[in-house]
Amino acid sequence: MTATSFSPVNKDSAVPLMQIDNLVRRFGGLVAVNQVSFNVHSGEIVGLIGPNGAGKTTLFNIISGHLKADSGRLFFDGQDITNARAAKCARVGIGRTFQIVKPLTTLTVHENVMVGALLNNSLKVAREKAAHIVERVGMGDLMHRLSGSLTLESRKRLELARALSVEPKIILLDEILAGLNASEVEESIHLIRNFAQEDKLAVIMIEHNLHAVMSLAQKIVVLDYGVKIAQDVPEVIVRDPKVVAAYLGSDD
Amino acid sequence: MNDYYLNIIVMTFLWAALSGAWNLMAGYGGLVSLGQSAFFGIGAYTTAVLYATFGISPWLGLVFGVLLTTSTAVLISWPCFRLRGAFFSLATLVFPIVMEILANNWNSVTRGSSGIALPFKPSLENFIFESRWAYVLASFVLMMVVLGITQWIHRGRLGLYLIAMRDDQDAAESMGVEPVRIKLIITMISAALTSVGGFFYAQYILFLDPPSVFSINISVQIALFSLIGGLGTPFGPIVGSLIMTPLDGALSAFLGGGPRLLIYGGVLLAVVLVAPQGVVGTYTAWRKK
């Protein structure tokens, strides 16, 4: 046996791409994320839902390295990346979007995406790859526009393009459908499904648009007050009394 | 052309270079340092002390000065990188003040407030020249070196990373940009170039005392020229210095004292109101329309 017990994961094996293991994060007296655990496999789309303030974005911030966990562990692609810096998380293959969009306003759409593309590529290659990603998310005609001048819909799409720019194995989508109209939502659903299927990309999506989550996700994780209260396929989740209670309130 | 005008040309180039070095940190990286005169002064004092006291060639002094300045810059700015925006600026403001106090009181080395006079022995080896034209040439080269480095950074990976970090640090980090590494690199480059400016100043003026190199006014003036010319543009600092240094020279020659500062302040106010992105920035935006 070799010294590397954490050898790269075989794609066919059942070893998950990401293992979230008992993560806890407190803000003062509030436990924003309380012992949350679940796994994500390559190519799998996981929906992360729950009422406002349930700790969904906090969990994302821990996974993407923007926040430190107080306890628990995070494994990704055979590595322990618990409390790694954000840049390190990007390097191992975690791309993310921000719920409150963060365009790099003085750069063009193409340059925004190029920042991430430079992570694994030379300047010349990054330029081409960034252009390709921008085309693929349907922003080709906005390629050289300053991102500060974009509409909200385009800014959301730019978030998606940037998450893809680091050549990720998983992307974390934080409410990228919020504020979009029906046809824009349909288009985005189509895009996300495409990326998951064609690129074997795993996706965790926080989404309040239940129609979208139910149609996309193979697995749904429900958070309430920082605690995971349910995890199952969409059809079961919608009938789960605990989930309904969390969203609508219960009698007792 | 007489020495008076040549002096203004030399100072224009020198200020353009110093402001250009600051522009790298502040204009591109969003690190609005108000501590540049600390780097400037350390560069100037290192060469001056080594040359005047120990008779060591200023060329060696230049090398030592750059090394000392760069390592000091790393030591003092690293803790400040945790601070964002105005808090970073305020923290950096402290360093020139500390350096000035140190230079004033470390008599055995700096000769305190009486200052250091460098012996005038013109030769290329001493980097001291009889003709001011030599200084014009040298300061011009320095300015062009700063411009060249800025252009190179502007077009490359480092420039994109710096701007990304300036626009939104969280977003930049999510795409793999290591903020501390990028900030350290640009601070070291900026400090090194500013230190070379200090070396040049010492060899040109041939006299140093603590306020003449460590004064906060120098840090502020360095920043102002880039703001006037255009922050985050390669030519901004040069344009800023081309406008302001001769203006300052002319005003002090013809008016002096109060009226000079009044007009100087008026020009500043006008630029901020009419062209908030600076001359180059406003011109570029106007051309794009």
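This is a predicted model: local features need pLDDT of at least 70, side-chain atom pairs count only at pLDDT 80 or more; totals for chains, interfaces and linings use all residues.
Which helix of chain B holds B:Phe13? B:Phe13 is found in helix α1 of chain B.

Is B:Phe13 buried or exposed? B:Phe13 is buried, because 26 other C-beta atoms lie within 10 Å and the cut-off for burial is 20 or more. B:Phe140 sits 127 residues away from B:Phe13 in sequence, yet their C-alpha atoms are separated by 5.6 Å. Setting aside neighbours within four places in sequence, B:Phe13 contacts B:Ser139, B:Phe140, B:Leu142 and B:Met143.

**The nonpolar core**

The largest nonpolar core has 155 residues. Those touching the most other members are A:Val115, A:Ile170, A:Val203, B:Ala17, B:Ala48 and B:Ala164. Helix α1 of chain B, residues 3-28, gives the largest share of this core, with 13 residues.

B:Ala164 has partners in both chains. From chain A it touches A:Leu104, A:Leu107 and A:Val115. From chain B it touches B:Ala172 and B:Val177, not counting residues up to four places away in sequence.

**A helix of chain B**

Helix α9 of chain B covers residues 179-205, 27 residues in total. From its first C-alpha to its last it reaches 38 Å, close to the 39 Å expected at 1.5 Å a residue. Why is α9(B) described as largely enclosed by the rest of the structure? Of its 27 residues, 21 are buried, so the rest of the structure largely encloses α9(B). B:Leu206 follows the helix and has a positive phi, near 65°.

**Where the chains touch**

The contact takes 23 residues from chain A and 17 residues from chain B. On the chain A side, α2 (86-92), α3 (109-117) and α5 (152-165) each supply at least two residues. That side divides into twelve nonpolar, six polar and five charged residues.

**The six-stranded sheet of chain A**

Chain A has an open sheet of six strands, ordered β6-β7-β8-β3-β9-β10, with mixed pairing. The edge strands, β6 (94-96) and β10 (227-232), each pair on one side only. From one strand to the next, the twist averages 20°. Strands of a sheet pair through backbone hydrogen bonds, in either the parallel or the antiparallel sense.

| Strands (chain A) | Direction | Bridges | A facing pair |
|---|---|---|---|
| β3 and β9 | parallel | four bridges | A:Gly47 and A:Ile220 |

How many residues of strand β3 of chain A are buried? Five of its five residues, 45-49, are buried. Both faces of β3(A) are covered. A:Ile45, A:Gly47 and A:Ile49 are buried on one side, and A:Val46 and A:Leu48 on the other.

A:Gly47 has A:Ile220 of β9(A) as its bridge partner.

Helix α9 of chain A, residues 241-248, lies across β9 and β10. It runs at about 130° to β10(A).

Notes:
Residues are numbered from 1 along each chain as its sequence is written. Chains are lettered from A and ligands numbered from 1 in the order in which they are written. Two strands pair if DSSP finds at least two bridges between them. Axes are lines fitted to C-alpha atoms, for helices over the stretch in contact, and angles run from 0 to 180 degrees between N-to-C directions. Two residues are in contact if their C-beta atoms, placed from the backbone, lie within 7 Å. The expected span of a helix is 1.5 Å times one less than its number of residues. A residue is buried if 20 or more other C-beta atoms lie within 10 Å of its own, exposed if 12 or fewer, and partly exposed in between; C-beta atoms are placed from the backbone. Ala, Val, Leu, Ile, Met, Phe, Trp, Tyr, Cys and Pro count as nonpolar, Asp, Glu, Lys and Arg as charged, and the others, Gly among them, as polar. A nonpolar core is a set of buried Ala, Val, Leu, Ile, Met, Phe, Trp, Tyr and Cys residues joined through C-beta atoms within 7 Å.
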